[in-house]
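My plan is to look up confidence, then the fold, then the side chains.

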Amino acid sequence: MTDEHFQGFHLTAVDARRYDFGNALRGYDRARVDQFREQVAEELERLARANQELDTKARNFHEQLKSFRDRDKALNEALVSAQQLRGDIREQAEREAQLILREAQQEAERQVQAVREEVRRAEEELQALWRTRRSYLAQLRNHLERQLTDLNAAESEPVPDFATPRASAAQRTEPSVARDVRELPPRPLAPTPSWLDAVEDGQ
């Protein structure tokens, strides 16, 4: 038989059991032919069962392979998505970090500027207080100097002559007091108190 004949030939166990070889003079032993035909049928049944089992296993393997490929594809897609998501999250985190850093720098600059303004106002207030203090001390010095001038002028006035007729009755009754006053030497000009100079110098 040729290969083309075997390719179109399909023999089953039923065909082997039912096949009739016919009768011929001096033919084969019928009992041995039947026995061989039965063995062929059993072998065909075994081969058919094995082939069916192999087909079932092949289908299972094919389904498993398809499932593995689907899982592998899903895992690859998930991996790509995870990498893309990680990149997006990293970029978002970097943008947020830069934004937070810029806001912190701006806030720090505002706080530094506010502190500088407060220091400047405090210095101006301090300078104003020093000017007010010096002005007050100068006024106090002038006032004291006028008081000292008036006091020195009062002390340097001449003693009136209580011996004249125009002397008052109180002066006539106390000639010894008037005489003692005339005999007192004039007092020199009092110097400026040292504590005022110390206050003006900021001590």
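**Entry 1: confidence.** I note the term I need here: pLDDT is the predictor's confidence in each residue, on a scale from 0 to 100. I looked up the average for the protein chain and found a mean pLDDT of 78. I also found that 68% of its residues reach 70 or more.

Where is confidence lowest, and where is it highest? I find the lowest value in helix 1 (residues 3–7), with a mean of 45. Helix 3 has the highest, at 90.

A reminder to myself: where pLDDT is low, the predicted coordinates should not be read in detail.

**Entry 2: the fold.** How many helices and strands does the protein chain have? I count six helices and zero strands. Along the sequence, I write the pattern down as α-α-α-α-α-α.

I looked up helix 3 next. It covers residues 30–155. That gives helix 3 126 residues. From its first C-alpha to its last, helix 3 reaches 181 Å.

Residues 24 or more positions apart account for 67% of them.

**Entry 3: burial and surface.** I looked up how much of the chain is buried. Of the 203 residues in the protein chain, 6% are buried. In helix 3, the buried residues are R37, A41, L137, R141 and N152. The protein chain exposes about 18200 Å². Carbon and sulfur atoms supply 55% of that area.

Which residues make the nonpolar surface patch? I find L126, L129 and W130, with a patch area of about 310 Å². W130 lies in helix 3. Is W130 buried or partly exposed? W130 counts as partly exposed because its relative accessibility is 37%, and buried would mean under 20%.

**Entry 4: salt bridges.** Side chains of opposite charge can pair when their charged atoms come close. I searched the whole structure and found six salt bridges. I wrote up three of the pairs.

- R46 and E43 meet through their side chains, at 2.3 Å from N to O. Both residues lie in helix 3, three residues apart, about one turn of the helix. R46 is partly exposed, at 41% relative accessible area. E43 is partly exposed too, at 34%.
- E107 forms a salt bridge with R110, and their closest N and O atoms are 2.4 Å apart. E107 and R110 are separated by about one helical turn, because they sit three residues apart in helix 3. E107 has 34% relative accessibility and counts as partly exposed. R110 also counts as partly exposed, at 48%.
- R120 and E124 meet in a salt bridge of 2.7 Å, N to O. Both lie in helix 3, four residues apart, about one turn of the helix. R120 is partly exposed, at 38% relative accessibility. E124 is partly exposed at 43%.

Which residues does the network link? I find E117, R120 and E124 joined by salt bridges in a network.

Definitions and conventions
Residues are numbered from 1 along each chain as its sequence is written. This is a predicted model: local features need pLDDT of at least 70, side-chain atom pairs count only at pLDDT 80 or more; totals for chains, interfaces and linings use all residues. Side-chain values use heavy atoms; hydrogens and water are left out. Patches are made of residues with over 30% relative accessible area and no salt bridge: like charges are joined within 9 Å, nonpolar side chains (Val, Leu, Ile, Met, Phe, Trp, Tyr) within 5 Å. Accessible areas come from the Shrake-Rupley method with a 1.4 Å probe; for residues, only the protein chains shown count as cover. A salt bridge is a side-chain nitrogen of Lys or Arg within 4 Å of a carboxyl oxygen of Asp or Glu. Helices (H or I, at least four residues) and strands (E, at least two) are DSSP runs, numbered from the N terminus. Buried means under 20% relative accessible area, exposed over 50%, partly exposed in between (1.4 Å probe, protein chains only). The expected span of a helix is 1.5 Å times one less than its number of residues. Contact means heavy atoms within 4.5 Å.
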